[in-house]
Amino acid sequence: MIRALVHIACALPAILLFTGWQYSYLGVDPEKTLIWETGIWGFNLILVVLLLPVAAKWANWPELRQYRRAVGLWAFFYATAHFFFFVIFLLGWNIGNLPKELSERPYITFGFGAWCVLFAMAITSNHYAVKHLKRAWKKLHILVYVAATLAAIHYILMVRSDYGWASTYALIVLLLCGTRLLRSKKTYRWLKR
Amino acid sequence: MGQVYQFAKDKNCSVMTRVTDPIAYKRRKLIVGALGVASLGAFGNLRYKGRISAQASQLSQDQLETSDKDYIELDRSTLSLTERRITQKYAATNYNNAYEFGWNKSDPAHQSGGFTMRPWSVTFDGLCHRPGTFDVDDLMGMPFNQLEERIYDFRCVEAWSMVIPYNGRPLRQILKAAEPMGSAKYVAFTSIFRPEEMPGQTAPFSAIEWPYVEGLTIEEAMHPLAFATFGVYGDRELPQNGMPFRITLPWKYGFKSAKFVVRVTFMEKQPPATWNQTNPREYGWYSNVYPDIDHPRWSQSTERRIWGDGDIERIKSLPYNGYGGQVAHLYPGDNKKYR
């Protein structure tokens, strides 16, 4: 029941964008709308993934943690759509230009970095990978915090003048990384030393 | 989940009281909170959708309007490129960069409803023999509907473009009336500062300092292509497009064409320009369209031509936005000096 709700909620932006595209409700520049909305929804869902363990602890509701995989995969879906639309609309399918864009434009470098991290987590999100990677799996998946940080930098570097929203997102990421560090046993030991 | 029954510990009290289980309470709070945030998002989405569908119905009306007009007949200028496809009025008036009203492309159309457009006066000062302040109607020098119409390519620095019919008169006619002195090498334009009507001017995290300022060399300002603009698509009531009075410079990136101009100053030294000051690495002072000089964050070699009817065409960008034949002589030597 909750699982179904999680999937419906995560699919909703994609459904709205798809119908918007079909019925041309995406404004004057639908290409830009698609790039922007898929990007921000990818980021939103990464934040939800980071929030789930905090909420689980606060409400003493450990089952919440298990939805991280579903939400995380949806975040990867939106990030992939975002990257795909960037390649179609902004690069005009000119994939030959991609290495140049990646190396010369830092905001693209950071965004692509975030996507790579999400990709690595997405392909190891199955039971098989959990079983075989064992400890490495945990280490790999803690990288979701790195993905969030890269996404925050990606967003800030894109701003032309108004830093309001971009810095709000960055602040949330900073807070979530901070709470995670405080929860970790390593920090605890280090503090006790 | 829910309530647990518990005897009050106080021995004097034998009444059974209902106490909420603290964990269930927190879970409930979490669900309510999540629902709240989700409904906020949903509400935002609904608003977004409502707005856009309202636009879609408007679109068909505007489509009628523009196709009914015969722009070839309206165009009396030898400088205009005639028989050209133009961008739908709806697109050109609902997809704007006017950060005074907000940084979203739809903000200028949506946030400018309360903008006072009349009376509007423009002050001419600095190095000129006839300084003074004039009403915008006097600057036109003729009834609005008799102004010249020019169809110009508009190229945004963000690598998109539109084809727009502007109503106005050559800027140099107005500048000459002020009789600039021989020592005037530059012309500075100042936009209006009116934070009570322009929400973008009070945005807390804005990197831009208001009012918006721009400048041209006197040769650029006197060039026949430089256009003093009082309307677009035969419509003056469009603050989102910089009315009542703006400058249009088709061979430069759009931001160089100052909007809501209230002051024109003749100067000996190069005046500051807002985007150039905000981020000199990304925006040059001259701001000419040079496809071979990239913006640090994107390529300028192509542009997305927005026609507004759902068609977005990817086309090659041209030096000076295609007006090189008329203006290239103003920029001798290395292009990099005039970026």
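# Notebook: chains A and B

**Entry 1, A258(B).** I started from the contacts of A258(B). Leaving out residues up to four places away in sequence, A258(B) touches F189(B), S191(B), Y212(B), E214(B), R246(B) and I247(B). I note that this is a predicted model. Where does A258(B) sit? I found A258(B) in the loop between β10 (246-248) and β11 of chain B. Next I checked one partner, E214(B). A258(B) and E214(B) are 44 residues apart in sequence, yet their C-alpha atoms are 6.2 Å apart in space. Is A258(B) buried or exposed? A258(B) has 27 C-beta neighbours inside 10 Å, so I list A258(B) as buried. The cut-off for that call is 20 or more.

**Entry 2, chain B overall.** I then took the totals for chain B. I get 9 helices and 13 strands. Chain B has 339 residues, and 39% of them count as buried. I also looked at contacts in chain B with a separation of 6 or more. Of these, 67% are between residues 24 or more positions apart.

Which strands pair with β3(B)? I found β4(B) and β11(B). Strand β3(B), residues 121-126, runs antiparallel to β4(B), residues 132-135, over 4 bridges. A hairpin of 5 residues joins β3(B) to β4(B). In this pair I see T123(B) opposite T133(B). The pairing of β3(B) with β11(B), residues 261-267, is parallel and also has 4 bridges. Here F124(B) stands opposite V264(B). I keep in mind that side chains alternate between the two faces of the sheet in a regular strand.

I moved on to β6(B), residues 160-170. This strand is mostly covered, with 8 of its 11 residues buried.

- β5(B), residues 148-155, pairs with β6(B) in the antiparallel sense over 8 bridges. E149(B) stands opposite N167(B).
- β9(B), residues 227-232, runs antiparallel to β6(B), and 5 bridges join them. R169(B) stands opposite A228(B).
- β12(B) pairs with β6(B) in the parallel sense over 2 bridges. W160(B) has R304(B) as its bridge partner.

How many residues does each chain bring to the contact? I count 33 from chain B and 24 from chain A. On the chain B side, α1 (22-68), α3 (89-94), β12 (302-306) and β13 (312-316) each supply at least two residues. The largest share is that of α1(B), with 11 residues. By class, the chain B side that touches chain A has 17 nonpolar, 10 polar and 6 charged residues.

Last, I looked at α1(A), residues 2-22, and α3(A), residues 68-90. Their axes are 10 Å apart, and the helices pack at an angle of about 15 degrees. I therefore log α1(A) and α3(A) as roughly parallel to each other. The limit for that label is an angle under 35 degrees. The crossing is right-handed. Which residues meet? From α1(A) I list R3(A), V6(A), H7(A) and C10(A). They meet A70(A), V71(A) and W74(A) in α3(A). By class, this contact has 5 nonpolar, 1 polar and 1 charged residues.

Notes
Residues are numbered from 1 along each chain as its sequence is written. Chains are lettered from A and ligands numbered from 1 in the order in which they are written. This is a predicted model: local features need pLDDT of at least 70, side-chain atom pairs count only at pLDDT 80 or more; totals for chains, interfaces and linings use all residues. Two residues are in contact if their C-beta atoms, placed from the backbone, lie within 7 Å. Ala, Val, Leu, Ile, Met, Phe, Trp, Tyr, Cys and Pro count as nonpolar, Asp, Glu, Lys and Arg as charged, and the others, Gly among them, as polar. Two strands pair if DSSP finds at least two bridges between them. A residue is buried if 20 or more other C-beta atoms lie within 10 Å of its own, exposed if 12 or fewer, and partly exposed in between; C-beta atoms are placed from the backbone. Axes are lines fitted to C-alpha atoms, for helices over the stretch in contact, and angles run from 0 to 180 degrees between N-to-C directions. Angles under 35 degrees count as roughly parallel, over 145 as roughly antiparallel, 65 to 115 as roughly perpendicular and the rest as oblique. A crossing is left-handed if the near helix is turned anticlockwise from the far one by less than a right angle, and right-handed if clockwise.
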